[in-house]
Amino acid sequence: MNKALLAQAANEARGLAMDAVHKCSSGHLGLPLGAAEIGAVLFGQSLRFDPADPKWLNRDRFILSAGHGSMFIYSWLHLSGYEVSIDDVSKFRVLHSITPGHPEFHETPGVESTTGPLGQGVGNAVGYALSGKMAAAKYNTDAHTIIDNHVIVLAGDGCLQEGVAREAVSFAAHNALDNLILIYDSNDVTLDAMAKITQSEDVAALYTAIGWDAVTIDGHDLDAILGAIETAKQTDNGKPKIIIAKTIIGKGIPEVAGTAKGHGEGGAKFVDAAKKGLGLPEGAHFYVSDEVKAYFADLKGKRAAAHAEWTTTFTAWSAANPELAAQLDTARHGSISAEDLLKVVPEYPSEGKAATRNSGGEILNHIAKVVPHLVTGSADLFGSTKNYLTGLGDYSATNNTGRNIWFGIREHAMGAILNGLAYDGLFLASGATFLVFADYLRPSIRIAALAKLPVTYIFTHDSVGVGEDGPTHQPVETVSGLRVIPNLDVIRPGDAEEAAAAFAASFSRKDGPTLLALSRQDLPHQGHASAAARREGTLKGGYILVKETAPLEAIVIATGSEVQHAVEGAKGKPGVRVVSLPCFEIFDRQSAEYRESVLPAAVTKRVAIEAGVSGLWWKYVGTQGQIIGIDRFGISAPGNTVFKELDITAAAVARAVA
């Protein structure tokens, strides 16, 4: 390790951060300055990656969980040769730049996850590590090792205080994710004040008790940083590793260093003197020396050579294992259409009943047989959510090939870990819990939607039909609350055929997450339309389930378990059309012509029925329409009793269209 050169690079990275934050009068200087030596060792020595191929399969994954320190990663991506130019660095937080305020997936080469909400990156890193373990078990052979990378996450006090991180690190230890290295930027400072105001735990003892290896180092000592990282990489003992790096926040700006004022842009006004103190040329902005440029250019060549050597192994592996190679290529780059997925799901009888959570479990198992990279998990509710993959094994510390993931009662970590799996792109990730608990992982769902991650949420017990568990478990507001998240498809199927299409739509989607809201109670199969029509209609978000047999006078619109009430309430009324609308978002993406064919504007007598809050339905029923909903919390009583008490009934529909 060229210590003198990397120390110089650390100071030049500090200078880049100072200039960027000063130029836009916004941002966070504390971490980029305080963790500069950590960045120098990671990007200048320890990380395995190839800037020319940011998605190289066997790269180390680096995640900046403390995403507010985004100038840290932008500076090091630039220095190490990614397509992040000095002009990009100078446009920090500028409209349409690739250096936004917090790191965003898809926006910047080398950024592995969208971070900023504290603790999310820790959970994402656990998901990446889980993906790495599963991929190594699935694809490595006795003759060829193609996956043996590590996941390194840099986090601060804010990340580790968040509950999502605490949940995730427990999961990581229990599942022996020893390919995970957490570098804790321990600077004794949080945003408002010194950290001692809000925390007093012994972090090393805490993580050791959870099941991690822990070491404490001087975070400005290059040798100590290198030694800790290399030891962590070389120790495959079934324990994830935490490196507690004691650093000085805002190091390099004496006026704020080591204080809460060093966290944000408070030190920006002192940058000219600070840069001079760091030995940077006076008056120069966004400066990188020729020596540092040359060092990283040489290192880029060495990294490309290491990548090429791995490619030779990968080519030999592909030739020896064509079936595995095809599966890997499909997982990384391929897609399967919803129509093709539906071909493997047998049609259900036109009569009979089934809870959509039960039919959903059957459908999921059919799909899993033809999608070998599909994995699923549950927050201690497999027996209720019914998404267990029969015969496909349980993931554990001793079985990395299992496709059922036991998250435990850790809903938020489940969400962040699913995101990590989706970011890595080697597995099709899904997870389950009760719908009412969506609020426990809503921040992770929001990030999945923002980052366009193909995650499937299998959420059951979707209404007051939960019954005796009462209002704490009856999600009257939850579906509408989820529908307002941009880029999240919320599908609430009304029978087994709609459920089949819902699962197919979700697992074929590549540009965002899908949430399936499934019933606990049995729902009748809606044989009023063919199975093919119900499946095709669901793939369009909404369709005519029961067509009028006389001039159209009124339209009843329903979703989920209330479709049955819409159909029953419209019986004997030939001028009434029944529309099933399982997914607002998909329906709204259809052509204007299709939407008009289902909900013609000329028909203003409309009724919507859903066992939930009514607010979002007005866009479909119009000002002259009527909504049969529940604008209050539920009741503890048997499900059918609750529906009757709250008047979510066929009789209510019949009265409305009379």
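Let me begin with a definition: two strands are taken as paired if DSSP finds at least two bridges between them. The model before you is a predicted one.

With that in mind, please look at strand 1, residues 61-64, and strand 2, residues 151-155. These two strands pair in the parallel sense, over four bridges. Within this pairing, Phe 62 has Ile 152 of strand 2 as its bridge partner. Which residues of strand 1 are buried on each side? Arg 61 and Ile 63 are buried on one side, and Phe 62 and Leu 64 are buried on the other, so that both faces of strand 1 are covered.

Six strands form it in the order 8-7-9-10-12-11, and their pairing is parallel. Which strands stand at the edges? They are strand 8, residues 404-406, and strand 11, residues 489-491; each has a single partner strand, so one side of each is left without a neighbour in the sheet. From one strand to the next, the twist averages 20°.

Inside this sheet, strand 7 (residues 374-378) runs parallel to strand 9 (residues 428-434), and five bridges join them. Among the residues involved, Thr 376 has Ser 430 in strand 9 as its bridge partner.

Helices pack here as well. Helix 15, residues 356-370, lies across strand 7 and strand 10 (456-460), and runs at about 150° to strand 7. Helix 18, residues 438-450, packs on the sheet and touches strand 9, strand 10 and strand 12 (514-517). The direction of helix 18 makes about 160° with that of strand 10.

Next, a pair of helices. Helix 12 (residues 290-320) packs against helix 13 (residues 322-333) at an angle of about 115°, and their axes are 5 Å apart. Angles of 65 to 115 degrees count as roughly perpendicular, and helix 12 and helix 13 are therefore described in that way. On the helix 12 side, the contact is made by Phe 314, Trp 317, Ser 318, Ala 319 and Ala 320; on the helix 13 side, by Pro 322, Leu 324, Ala 325 and Leu 328. By class, this contact of helix 12 with helix 13 has eight nonpolar residues, one polar residue and no charged residues.

Finally, the cysteines. How many disulfides does a search of the whole structure find? The search finds zero.

Note on methods: Residues are numbered from 1 along each chain as its sequence is written. This is a predicted model: local features need pLDDT of at least 70, side-chain atom pairs count only at pLDDT 80 or more; totals for chains, interfaces and linings use all residues. Side-chain values use heavy atoms; hydrogens and water are left out. A disulfide is a pair of cysteine sulfur atoms within 2.5 Å. Axes are lines fitted to C-alpha atoms, for helices over the stretch in contact, and angles run from 0 to 180 degrees between N-to-C directions. Contact means heavy atoms within 4.5 Å. Angles under 35 degrees count as roughly parallel, over 145 as roughly antiparallel, 65 to 115 as roughly perpendicular and the rest as oblique. Ala, Val, Leu, Ile, Met, Phe, Trp, Tyr, Cys and Pro count as nonpolar, Asp, Glu, Lys and Arg as charged, and the others, Gly among them, as polar. Buried means under 20% relative accessible area, exposed over 50%, partly exposed in between (1.4 Å probe, protein chains only).
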